[in-house]
Amino acid sequence: MANTLRISGLASGMDIDKIVSDLMKVERAPLDKLKQKKQLLEWQRDDYRSMNTLLQGLDDYLFSNVTLQSGMMKKTVSSSNEGVITATAGSSAANVATTIQVNRVATSAVWLSDAATRVDKATFSVAADVTLTINVTNGDGSTKQAAITVKQGTTLDGVIAQLNNNADLGVSAFYDEQTGRISIMKKDTGAQASLVLADAATVNFFRNLGFTQLTADQANQELTGKTAGTDADITINGLQTTRSSNTFTINGVTYTVKGTGTATVSVATDVDAMFNAIKGFVDKYNETIDKINAKLKEERYRDYPPLTDEQKEAMTEKQIELWEEKAKSGMLRGDSILSSALSKMRMNVYIKVEGANIPSGFSQLAQMGITTSSNYLDGGKLIIDETKLREKIKENPDAVYQLFNQNGATDAEKGIARRLRDTIKETIGKIEQKAGKTIWTNQQFAIGRDLIQINDQIDRFQDRLKQIEDRYYRQFTAMEEAIQRANQQSMYLMNAFGGGMQR
């Protein structure tokens with residue numbers, strides 16, 4: 001059919017291509033309707049997915065800033081003498097004041113090469129490949145074995161670099177050109193640190209580095225020139241104890257010893273952090289329901305269907321933009337999934353939270369100074385009394401946290417954030433069944449399956465239009481051929497009669 005011979009008006013003088021084009025416009029009208037229906041489904045799918053993105057943003061905020069203790073239950077820590085000790089506190093730390101007396105600071109063990117033996121950096125070079133094997137005891141008593149392979153020809157700087165870069169050894173070494181000596185210091189602190197050279201090859205290698213007090217060719221020797229490390233000696237609220245490190249954690253508070261002396265460390269709830277997390281939630285919640293409400297109420301302009309390709313060709317880009325702005329409007333107007341979600345979300349924040357962890361005065365948002373707008377046009381937005389919210393946080397921060405995050409078997413026993421996250425998860429699931437997500441195939445969701453059907457209908461209709469167009473051309477070709485034959489017969493007769501009269 002694609003190779004049908006087309007004769008375009010040579011005999012009739014008619015513009016056959018224009019006539020067929022006009023006829024096909026009428027035939028193509030149902031195809032344009034199918035394409036418009038497809039476009040509307042794609043716009044609706046994209047609007048649904050934008051709502052899922054919006055809901056996911058609220059869920060992400062709730063998880064990171066409200067559900068996690070690290071987001072809500074931040075602590076402030078102060079030290080009366082930061083020259084003695086500083087501290088940080090995790091969200092689980094109790095609000096307490098602790099008096100700490102530092103009697104001794106933890107130090108690192110150090111090994112120095114012999115003062116009487118100068119190592120010449122300029123002439124130092126490793127004579128042959130060697131593997132150094134060192135049994136390492138860290139300051140806290142934990143042990144490792146370090147193995148370092150040093151290649152023939154390695155310079156002194158190269159050896160120092162290999163010592164520094166070995167994680168199992170855990171030292172900081174340097175060569176002093178002024179004295180020709182080498183210093184090796186454990187990176188960690190503590191009294192139990194030691195370096196034991198496990199074999200004769202390692203012992204002899206360190207003798208060449210200036211540790212000549214080692215006995216040649218004898219294995220299992222501790223490195224000489226040692227100044228032992230020390231443990232920190234501290235008294236905490238009257239209890240004397242030691243730590244191998246100057247940084248240690250007790251009951252969720254991490255202390256860092258800076259020097260000797262006495263200091264009081266106070267831990268308190270960071271009221272500003274909790275207030276900002278809750279205020280951020282309210283802002284995010286209001287933004288979410290505002291945008292969902294806008295979609296549900298968006299005007300549907302049925303006099304502005306999607307433009308056909310032919311219509312777009314006759315319009316400017318600005319005209320197309322303005323038209324499609326109205327054509328896309330109202331894709332989710334009155335949608336039942338979103339309407340149901342909004343109703344549930346309003347109930348989630350309104351219903352009282354019950355349970356043993358919820359004391360009197362902390363079971364509803366309204367008691368925290370967070371109420372629903374009385375203006376029905378706001379669609380259930382939340383309003384904060386900032387002064388009252390701060391007071392409630394100061395009064396009982398744990399109760400405020402539980403109001404949002406208590407877990408329970410029923411909705412009534414669940415905190416507000418948990419309820420909302422359940423509703424969001426349920427809604428996202430329903431929308432995905434309707435509109436899918438970008439990584440899904442059309443077969444996996446309802447609108448996608450409708451699109452598959454429409455695409456099949458479009459393909460079939462396009463094949464049919466090709467057949468109709470070919471039929472029109474065949475009919476006009478037959479007409480042209482008939483006219484041509486009639487013209488030829490007429491010419492023949494005229495020639496015949498004209499010739500007879502001349503004789």
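Helix 7 (residues 317-327) has three buried residues, I320, E324 and A327. Buried here means under 20% relative accessible area, exposed means over 50% and partly exposed lies in between, with a 1.4 Å probe and protein chains only. Helices (H or I, at least four residues) and strands (E, at least two) are DSSP runs, numbered from the N terminus.

Please keep in mind that this is a predicted model: local features need pLDDT of at least 70, side-chain atom pairs count only at pLDDT 80 or more, and totals for chains, interfaces and linings use all residues. Residues are numbered from 1 along each chain as its sequence is written, and side-chain values use heavy atoms, with hydrogens and water left out.

Now to the sheets. Two strands pair if DSSP finds at least two bridges between them. An open sheet of 5 strands has the order 1-16-3-12-13, with antiparallel pairing. Its edge strands, strand 1 (75-79) and strand 13 (239-243), each pair on one side only. From one strand to the next, the twist averages 25 degrees; axes are lines fitted to C-alpha atoms, for helices over the stretch in contact, and angles run from 0 to 180 degrees between N-to-C directions.

Another open sheet, with 3 strands in the order 2-15-14, is also antiparallel. Strand 2 (85-89) and strand 14 (247-250) stand at its edges with a single partner strand each, so one side of each is left without a neighbour in the sheet.

| Strands | Bridges | Partner residues |
|---|---|---|
| Strand 2 and strand 15 (residues 253-257) | 5 bridges | A87 and Y255 |
| Strand 3 (residues 97-104) and strand 12 (residues 232-236) | 4 bridges | R104 and D233 |
| Strand 5 (residues 130-137) and strand 6 (residues 143-150) | 8 bridges | T133 and A147 |

Strand 5 and strand 6 form a hairpin with 5 residues between them. In its turn, G141 has a positive phi of about 100 degrees.

Lastly, the loop between helix 8 (336-350) and strand 17 (370-372) holds I351, which is partly exposed at a relative accessible area of 35%.
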